[in-house]
Amino acid sequence: MNVLEWDQILVGTSAKPTSINITKEMIINYKKSIEDNTAGNSGELLQAPAGMFFIYAPARRLDVMHENGFISPEEAETNSRSTPFVGTDIEWLGNAIKENDIITSTAFFEKKWESSSGNRFLSIGVEAKNQTNEPVINYRYNVMWEFSKGQKARTTGANQTASTNISTEANSFDINNITEGDIIPQLQRIISQETINKYHELNNWSNKEPSPTALLHVDEAFAEATVFSGTTLSGPTAVGFMLHLVEKTFGQKAIINSTFNERALEPVRPGDIITYSGKVITINNTEKEKRLDLEVRGTNQLGQTTSLASVNLPL
């Protein structure tokens, strides 16, 4: 098969639906992969953490390509390159996702576009339903198809020593008396190559070799030649950290009735310490419910914003 080229990407092209049974082991492994130490109630079915949708309803861009006669740029025998994650747009549809659910999802090329700087982007849409045919989530997985300016190496402060003084609580935050401008408790993660590898190893429930699209994160030789000139934390892992912060603050009921729009702004590299923080931007009261707009940000030890998300959820 030939490598898929930009002009050959057809919006609407899809892969056959796939169904995944969410097991207790999958949920436990996912929680370990994002360092989520919360425990479920004994005897109850485990709830799927917010960021786990990447696992039970995967953005199968390789399947979309393969089923339509192409391979990805990562799979090219010569001049292979990565097509890295740059953001996601998520809409949960009000139905809880839990252990023993069977999620059927369809992935398709939803949109492609080019920025004024010449970068090219592809959006993979995913629509998912549970075993009773109830919609559970729709999302977009956005990738950079082509980067116009060569490698994006970190050249300023790359060797700066990160502080390991971790503060994870905002003492003044009171969810029962929340106001605009409030800062929610923080979450910090020390990133190592082990952290990066763990996400892919623990969520490899199909026991396959690492996907070619994971090579940017787990294969140092491949990653060195990519746009980022080294391994990076995967976008879904960072989104998982951000959603864990939101979920543990506001609860799963809020998450499954929320929207989340995230953009990856700077690569996260081994040795980084990322602080994930949230700020209440607006609170909107209606006759039916109170909803708030939340800004969630990842910041590295150099003060750079690595990811930024806007969240709308009920309170």
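This note walks through a predicted model in numbered points.

1. **Ground rules.** Because this is a predicted model, local features need pLDDT of at least 70 and side-chain atom pairs count only at pLDDT 80 or more, while totals for chains, interfaces and linings use all residues. Residues are numbered from 1 along each chain as its sequence is written, and side-chain values use heavy atoms, with hydrogens and water left out.

2. **Confidence.** The pLDDT is the predictor's confidence in each residue, from 0 to 100. The chain averages 90, and 91% of the residues score at least 70. Please take care with residues 156-170, where the pLDDT is below 50; beyond near neighbours in sequence, this stretch has 21 contacts in the model. Contact here means heavy atoms within 4.5 Å.

3. **Strands side by side.** Helices (H or I, at least four residues) and strands (E, at least two) are DSSP runs, numbered from the N terminus.

4. **Aromatic rings.** Rings of Phe, Tyr and Trp (its six-membered ring) pair if their centres lie within 6.5 Å; planes under 30 degrees apart count as stacked, over 60 as edge-to-face and the rest as tilted. The whole structure holds 10 such pairs. Phe54 and Tyr139 make an edge-to-face pair, 5.7 Å centre to centre with 80° between the planes. Phe54 belongs to helix α2 (residues 53-56) and Tyr139 to strand β7 (residues 135-146), so their pair ties together parts that are 85 residues apart in sequence. Trp113 and Phe121 are stacked, because their centres are 5.3 Å apart and their planes meet at 15°. There is also a cluster, in which ring pairs link Phe53, Phe54, Phe85, Trp92, Tyr139 and Tyr141.

5. **Buried or exposed?** Buried means under 20% relative accessible area, exposed over 50%, and partly exposed in between (1.4 Å probe, protein chains only). Phe54 is buried at 8%, and Tyr139 is buried at 2%.

6. **Charges over rings.** A charge sits over a ring if NZ of Lys or CZ of Arg is within 6 Å of the ring centre and within 35 degrees of the ring normal. Arg81 does this with Trp145, at 5.6 Å from the ring centre. Lys112 does it with Trp6, at 4.9 Å.

7. **The nonpolar core.** A nonpolar core is a set of buried Ala, Val, Leu, Ile, Met, Phe, Trp, Tyr and Cys residues joined through side-chain atoms within 4.5 Å. The largest one has 70 residues, and those with the most contacts inside it are Trp92, Phe250 and Leu294. Helix α7 (residues 235-250) supplies the largest share, 8 residues. Leaving aside neighbours within four places in sequence, the contacts of Phe250 include Phe173, Ile184, Leu292 and Leu313.

8. **Helix α1.** In this helix (residues 24-33), the buried residues are Met26, Ile27, Asn29, Tyr30, Lys31 and Ser33. They pack against β2 (18-21), α2, α4 (193-202) and α7.

9. Ile274 lies in strand β10 (residues 273-285) and is buried at 0%. Its C-alpha atom is 5.6 Å from that of Gln188, 86 residues apart along the chain. Arg297 sits in strand β11 (residues 290-299) and is partly exposed at 26%. Its C-alpha atom is 8.7 Å from that of Lys279, 18 residues apart along the chain.

10. **Positive phi values.** Most residues other than glycine have a negative phi. Asn79 has a positive phi near 55°; it lies in the loop between β3 (70-71) and β4 and is exposed at 75%. Asn133 has a positive phi near 70°; it lies in the loop between β6 (120-129) and β7 and is exposed at 52%. Just after α1, Glu35 also takes a positive phi, of about 60°.
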